[in-house]
Protein chains: 2
Amino acid sequence: MDLTETPDIADRFARLATDHAPGQENRHPVDDVARLMRGETMAGRPVDFSHGDVDAFPPPPDAARLVGEAITIGGAQAYTEYRGAGAIRETLAGRLATFTGARIDPEAMILTPGTQGALFLAVASCVGPGDAIAIADPDYFANWKIPAFLGARIMPVTLDYDAPGRSDAGLDLAGLEAAFRAGAKTFLFSNPNNPTGVTFSGAEITAIAALANRFGVTVICDQLYSRLQYRGTDFHHLCAEPDAPDSLVTIMGPSKTESLSGFRLGVAFGTRSLIERMEKLQAIVSLRAGGYAQRVLLSWFAEPEGWMAGRIAAHEAIRDDLVAQLRDMAGVRVRTPQAGSYLFPELPALDTSSGDFVRLLRAQAGVIVTPGSEFSRRKTAGIRFNYSQDHAAAVAAMTRVCAMIARYRSDR
Amino acid sequence: MDLTETPDIADRFARLATDHAPGQENRHPVDDVARLMRGETMAGRPVDFSHGDVDAFPPPPDAARLVGEAITIGGAQAYTEYRGAGAIRETLAGRLATFTGARIDPEAMILTPGTQGALFLAVASCVGPGDAIAIADPDYFANWKIPAFLGARIMPVTLDYDAPGRSDAGLDLAGLEAAFRAGAKTFLFSNPNNPTGVTFSGAEITAIAALANRFGVTVICDQLYSRLQYRGTDFHHLCAEPDAPDSLVTIMGPSKTESLSGFRLGVAFGTRSLIERMEKLQAIVSLRAGGYAQRVLLSWFAEPEGWMAGRIAAHEAIRDDLVAQLRDMAGVRVRTPQAGSYLFPELPALDTSSGDFVRLLRAQAGVIVTPGSEFSRRKTAGIRFNYSQDHAAAVAAMTRVCAMIARYRSDR
């Protein structure tokens with residue numbers, strides 16, 4: 001657990017390995033797995049499950065028009081305040097208040113280069129060398145890497161998402177309290193959880209809020225995928241709790257669900273003093289979210305009638321097909337995602353390491369996935385799929401993945 | 001000089017004050033200077049010299065078309081490698097090699113969200129808590145703030161740019177050597193220097209390279225404004241030196257000179273291991289420069305015939321007029337910028353503090369400038385102008401600035 005005490009710079013970068021980071025796969029050759037290969041290469045359209053396919057799910061129709069308009073506006077849109085254009089923040093505050101049910105102050109909001117930008121700023125505003133931070137395990141890979149780079153001490157709290165009959169996220173609340181007692185002054189988690197797609201129950205959200213306030217802990221809640229809720233999901237916004245944490249930053253953004261990743265836009269809102277810190281830091285990290293790109297946010301939560309509902313239904317259909325394929329494989333554990341577009345099955349014992357299997361999938365099946373070790377110290381036998389893909393191609397690719405599991409499983 | 005030893009987080013943010021940071025002025029009221037005011041408010045079109053006016057100098061004609069094209073391309077442009085699209089890096093490597101005279105490897109290059117992004121990544125890849133870094137004084141405000149935030153020890157090296165008869169930048173080479181002897185393993189400087197617009201002579205560049213190699217120092221050279229060279233300027237690219245530093249990152253970008261700031265684009269190239277570190281860090285700070293925006297870089301160094309020459313001539317004409325106005329004021333020291341669009345006059349003794357005078361300029365003269373304290377521990381009587389403005393408006397604004405100096409000077 002003690003990742004560091006003011007580490008030296010080489011150590012710090014050694015901890016930032018990006019060999020398996022989503023999107024970087026093509027930088028890393030797969031020749032080294034040739035000796036492990038069983039059977040032939042499988043035919044079929046390659047699918048990169050490491051991120052969503054914006055060609056299968058294109059951005060809303062207004063995006064291109066808005067960025068063109070921004071360029072025409074010129075200086076006023078190019079040079080916004082570091083926290084982002086005031087008029088855009090005001091518009092978003094209203095829409096996000098409607099969505100979450102919380103009161104949102106546009107002056108306690110910052111626009112960032114992607115939600116990744118918001119996450120870095122939020123964490124770096126809360127922890128420095130030696131500070132303790134609690135994070136859920138599993139959770140988004142950067143939730144591990146950002147605190148490690150900052151020299152913070154990471155206290156993982158188990159998310160027992162795949163226990164039989166589980167309907168909440170399965171956060172170990174006793175473990176969370178123990179981390180707070182042991183000195184963690186920050187708790188960072190994603191809801192819906194990335195990589196598993198599970199959402200936190202009302203009871204879990206209320207308990208997190210109560211514990212945070214009892215121990216004076218700042219909570220950073222990454223809700224990037226919270227719009228993509230499937231039928232039957234009862235989503236709870238921590239920011240809208242009657243006793244929400246006194247110190248709270250909520251992160252959202254139109255990156256993935258709306259296929260606007262290419263614009264690098266994120267939004268964080270919450271406790272004013274934290275947003276002020278994030279802005280001070282943004283001033284030296286990237287100055288501001290791209291001025292022209294900011295304008296694209298005007299299309300967010302203002303999509304054409306039915307656009308979002310259609311997008312959710314399409315993702316739910318893909319989810320259902322992929323989950324059914326995986327459930328047909330003996331020894332694969334998978335929980336049905338409640339929101340977002342990630343699927344995180346745990347594989348049966350294989351004759352190869354998890355990292356090699358991921359490379360073999362790429363080399364033999366034309367399928368890119370992200371290994372569980374990016375998200376967890378426990379669930380290293382998991383692999384993550386972003387199933388925001390062409391439906392037919394995703395199903396065909398999952399068929400190949402299942403065939404690969406059959407080839408390499410230890411009990412075959 | 002000892003800014004810190006692994007400071008606690010509140011200290012760290014206290015050091016990041018952005019009250020006077022360029023672009024943030026409108027967040028800070030000027031009511032508090034009412035009691036100091038002498039004379040009436042001056043009429044005239046307000047001018048914000050804290051940054052360039054992209055309405056006066058619009059982006060090259062291709063920019064909007066390229067970003068539209070990028071959106072049409074879709075996923076391949078939205079999700080590039082973290083270091084940026086390979087094909088774009090290859091194109092840029094060729095053009096930057098032609099411009100600088102250096103060999104440039106596209107695999108040792110990274111695209112970043114603005115040059116600010118490149119600067120943060122480069123510095124954070126070299127120094128951590130307790131590490132020493134040498135920086136020129138004066139230099140860009142973030143050159144002070146980034147190392148301070150990272151908990152590094154800053155060793156300022158005097159830039160005696162305004163000594164009578166000076167034609168080089170005036171870097172104190174003995175002071176630089178002393179900093180290296182005292183343990184600085186990184187040297188960060190901008191060429192042309194921001195805020196003064198002076199450029200480093202061939203002898204200075206050669207000496208920096210030799211000292212860096214003798215002491216095993218990494219050099220980060222910010223050349224953001226190096227394309228905007230005025231007649232008679234003999235610019236020297238450190239990266240093209242026969243004995244260039246073994247460990248070197250050069251930062252450029254199309255932000256200001258080309259009025260492409262609104263896209264947030266920067267480029268860094270140099271020593272491969274450093275670029276690798278920068279990419280690892282970018283993976284957790286912002287993932288990548290906006291995918292669609294990256295494509296705008298294809299218009300960089302490929303502007304229409306005469307476009308850049310016309311832009312330089314227009315800036316030179318503004319520079320000459322503003323310098324002449326300042327030279328007419330007794331007690332104002334100003335050196336003529338050799339490149340870039342910054343002007344950094346040092347004012348005579350005033351009856352107000354420098355910070356109050358900057359606020360008075362805003363309140364009474366409709367002029368926004370950046371105080372010298374953002375750039376220097378020595379030259380706090382300086383004020384910085386970005387004169388990339390409408391020519392007539394800039395001259396009229398400078399007339400008001402001169403009248404304000406006359407009102408508030410101690411020897412009036």
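Is B:E69 buried or partly exposed? B:E69 counts as partly exposed, because its relative accessibility is 28%; buried means under 20% relative accessible area, exposed over 50%, and partly exposed in between (1.4 Å probe, protein chains only). This is a predicted model: local features need pLDDT of at least 70, side-chain atom pairs count only at pLDDT 80 or more, and totals for chains, interfaces and linings use all residues. Residues are numbered from 1 along each chain as its sequence is written, chains are lettered from A and ligands numbered from 1 in the order in which they are written, and side-chain values use heavy atoms, leaving out hydrogens and water.

**Salt bridges**

- Side chains of opposite charge can pair when their charged atoms come close.
- The whole structure holds 58 salt bridges over all chains. A salt bridge here is a side-chain nitrogen of Lys or Arg within 4 Å of a carboxyl oxygen of Asp or Glu.
- B:E69 pairs with B:R65 in a salt bridge, at 3.0 Å from N to O. Both residues sit in helix α2 (residues 63-73) of chain B, 4 residues apart, about one turn of the helix. Helices (H or I, at least four residues) and strands (E, at least two) are DSSP runs, numbered from the N terminus.
- B:R65 is partly exposed, at 44% relative accessibility.
- B:R83 and B:E276 form a salt bridge, with their closest N and O atoms 3.1 Å apart. This pair links distant parts of the chain, 193 residues apart: B:R83 lies in the loop between α3 (75-78) and α4 (86-100) of chain B, and B:E276 in helix α9 (residues 272-285) of chain B.
- B:R83 is buried, with a relative accessible area of 0%. B:E276 is partly exposed, at 31%.
- B:R89 and B:E107 also form a salt bridge, with the closest N and O atoms 3.0 Å apart. Here, too, distant parts of the chain are linked: B:R89 is in helix α4 of chain B, and B:E107 is in the loop between α4 and β2 (109-112) of chain B, 18 residues apart.
- B:R89 is buried, with a relative accessible area of 0%. B:E107 is partly exposed, at 27%.
- In chain A, a network of salt bridges links A:E81, A:R83, A:R89, A:E107, A:E276 and A:E279.

- A:R27, A:Y79 and A:I284 supply 14% of the area that chain A buries against chain B, more than any other three residues.
- The count of salt bridges between chain A and chain B is 0.

**Helix α6 of chain A**

- Helix α6 (residues 141-149) of chain A is mostly covered, with 9 of its 9 residues buried. Among them are A:F141, A:W144, A:K145 and A:F149.
- Just after α6(A), A:G151 takes a positive phi of about 80°.

Conventions:
Buried area is the accessible area (1.4 Å probe) that two parts lose on being put together, summed over both.
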